[in-house]
Amino acid sequence: MSKKTIVIGAGMSGLSFANWWGPGEDTIVLEAADEPGGYCRTVVRDGFVWDYSGHFFHFKHADIEAWLRARMPGQEVRTIEKLSFIRYAGRDIDFPFQKHIHQLPHDEFLACLVDLYFRPSGEATSFLQMLYTRLGKSITEKFLRPYNEKLYATDLDALDVDAMGRFFPHADVADIIANMRPGARSSSYNATFTYPAGGAVQYVNALLHDLPPGMVSCGERVVGIDRAARVVTTTKRTLPYDQIVSSAPLPALARMAGVAHAPVFTSNQVLVSTSASIARDRAACTGCTSRIARCASTGSASTTTSSRASACRSTSRSACAPARPSMSRRCARACWRICGASRS
Ligand SMILES: Cc1cc2nc3c(=O)[nH]c(=O)nc-3n(C[C@H](O)[C@H](O)[C@H](O)COP(=O)(O)OP(=O)(O)OC[C@H]3O[C@@H](n4cnc5c(N)ncnc54)[C@H](O)[C@@H]3O)c2cc1C
């Protein structure tokens, strides 16, 4: 007899597991939200397609992409050449910043170059230290530090040297100098990517394609796991299990299972804001309501935090700082994620 398997979460991980494990198995996927997808969801409004997060896909294994595409009948999948720029000092700098410092205003370019040459030596033990020792003070402080602090919503000193793996466009001095030749333009690891015309959710739909109806139960949050009785309690019922596969954040899983966990177990702190969550944060906010309101007004619903944060960086980032001492923890976090202001 097959084992009763409960999968917590119907995001990309939970649904991928359900497919790999086998649609014929005695498996149920429990999803707290009203629809599957987790961070990989899409909103279509006024003819525009907005993704919550995963807005492009770069597959390491071609066979996985082919498998998904075979389950997206009629869906147009475009190959897009990535064109990304960083708006800095009133001009557009090619991405990645560190390889295009020669496009900066002259004095800032010289500062980056001098600091690159005189960068501190020594072995870095954190992501932040790696930035200073590889790229110098100016490149780090003008862009890489504030950008990554906003993106990861955490102190970069708390991240490992290789925290971003292949997603961080490394550059050594030779790369940077060679890129200054006229006509040279550096590309990053995902110079092209594929994107379904219907948005990232099409990949979620592909993962649902082979699963039997009823295998994914949305609007059903797991609230407790009794490991002794091997029973899961949800907001709707109790279910026996033989094994659980969880894609919920690790601290949440530990709480559900009544397992004490030290704060060392943390989860990715990147947050995605919707108009609803902004409104919630605003209501909870005691110290900087007007600033959050102003930040929120620059981004439309369903845009990601990082894009909203860059939209309001110049107007609100410094304005948030004075209000910080009077902020609640939640308010400070909202302010951090919206404006990129430092948490105190
Ligand atoms: C801003 C941003 C940009 C990104 N850009 C890209 C990109 O361009 N390309 C790319 O490939 N990836 C991108 N990613 C990463 C990608 O979106 C995620 O890695 C991926 O969606 C994570 O999937 P997951 O299933 O592991 O987790 P999640 O999507 O978080 O899914 C977990 C699911 O578990 C559910 N859950 C949690 N607790 C419970 C519970 N107690 N009971 C029931 N259900 C529960 C949640 O509701 C959720 O649906 C981006 C992420 C962010 C935040």
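Student: Why is helix H6 called largely enclosed by the rest of the structure?

Tutor: Keep in mind that this is a predicted model. H6 spans residues 201-208, and six of its eight residues are buried, so the helix is largely enclosed.

Student: Which residues of H6 are buried?

Tutor: They are Val201, Gln202, Tyr203, Val204, Ala206 and Leu207.

Student: What covers the buried residues of H6?

Tutor: The cover includes helix H1 (12-21) and helix H2 (62-69). It also includes strand S3 (42-45) and strand S8 (192-196).

Student: How much of the protein counts as buried?

Tutor: The figure is 29% of the 344 residues. The secondary structure comes to 11 helices and 13 strands.

Student: What makes Glu31 count as buried or exposed?

Tutor: Count its C-beta neighbours inside 10 Å. There are 24. The cut-off for buried is 20 or more. Glu31 therefore counts as buried.

Student: Where does Glu31 lie, and with which residues is it in contact?

Tutor: Glu31 sits in the loop between S2 and S3. Leave aside neighbours within four places in sequence. Its contacts are then Gly9, Ala10, Pro36, Val216, Ser217, Cys218 and Glu220. Thr234 is 203 residues away from Glu31 in sequence, yet their C-alpha atoms are 9.9 Å apart in space.

Student: What makes Asp46 buried or exposed?

Tutor: Asp46 has 5 other C-beta atoms within 10 Å. Exposed means 12 or fewer. Asp46 is therefore exposed.

Student: What is the phi of Asp46?

Tutor: It is positive, about 50°, although Asp46 is not a glycine. Most residues other than glycine have a negative phi. Asp46 lies in the loop between S3 and strand S4 (48-51). These strands form a hairpin with two residues between them.

Student: In which sense do S3 and S4 pair, and over how many bridges?

Tutor: They pair in the antiparallel sense, over four bridges. Pairing takes at least two bridges, so S3 and S4, with four, meet the cut-off. Val44 stands opposite Val49 in S4.

Student: What makes Ala89 buried or exposed?

Tutor: Ala89 has 11 C-beta neighbours inside 10 Å.

Student: How do you know that the peptide bond from Phe95 to Pro96 is cis?

Tutor: Look at omega. It is near 0°. Most peptide bonds are trans. Pro96 lies in the loop between strand S7 (91-94) and H3.

Student: Which residues of H3 and H4 meet?

Tutor: H3 brings Glu108, Ala111, Cys112, Asp115 and Leu116. H4 brings Leu135, Gly136, Lys137, Ser138, Ile139 and Lys142. Sort the residues of this contact by type: five are nonpolar, two polar and four charged.

Student: What makes S9 and S13 edge strands?

Tutor: First, the sheet. It is open, has four strands in the order S9-S2-S1-S13, and its pairing is parallel. Strand S9 (216-217) and strand S13 (243-246) each pair on one side only, and they are the edge strands.

Student: How many bridges join strand S2 and S9?

Tutor: Two, in the parallel sense. The cut-off is at least two, so S2 and S9 count as a pair. S2 covers residues 27-30. Leu30 has Ser217 in S9 as its bridge partner.

Student: Which residues of the largest nonpolar core touch the most other members?

Tutor: Val29 and Tyr203, out of 24 residues. The largest share of this core is five residues, and it comes from H6. Tyr203 touches Cys40, Phe57 and Leu68, not counting residues up to four places away in sequence. Apart from this core lies another, of 17 residues, including Phe97, Ile101, Leu116 and Leu144.

Notes:
Residues numbered from 1 in each chain as written. Predicted model: local features only at pLDDT ≥ 70, side-chain atom pairs only at ≥ 80, totals over all residues. Contact = placed C-beta atoms within 7 Å. Nonpolar A, V, L, I, M, F, W, Y, C, P; charged D, E, K, R; others polar. Core = buried A, V, L, I, M, F, W, Y, C linked by C-beta atoms within 7 Å.
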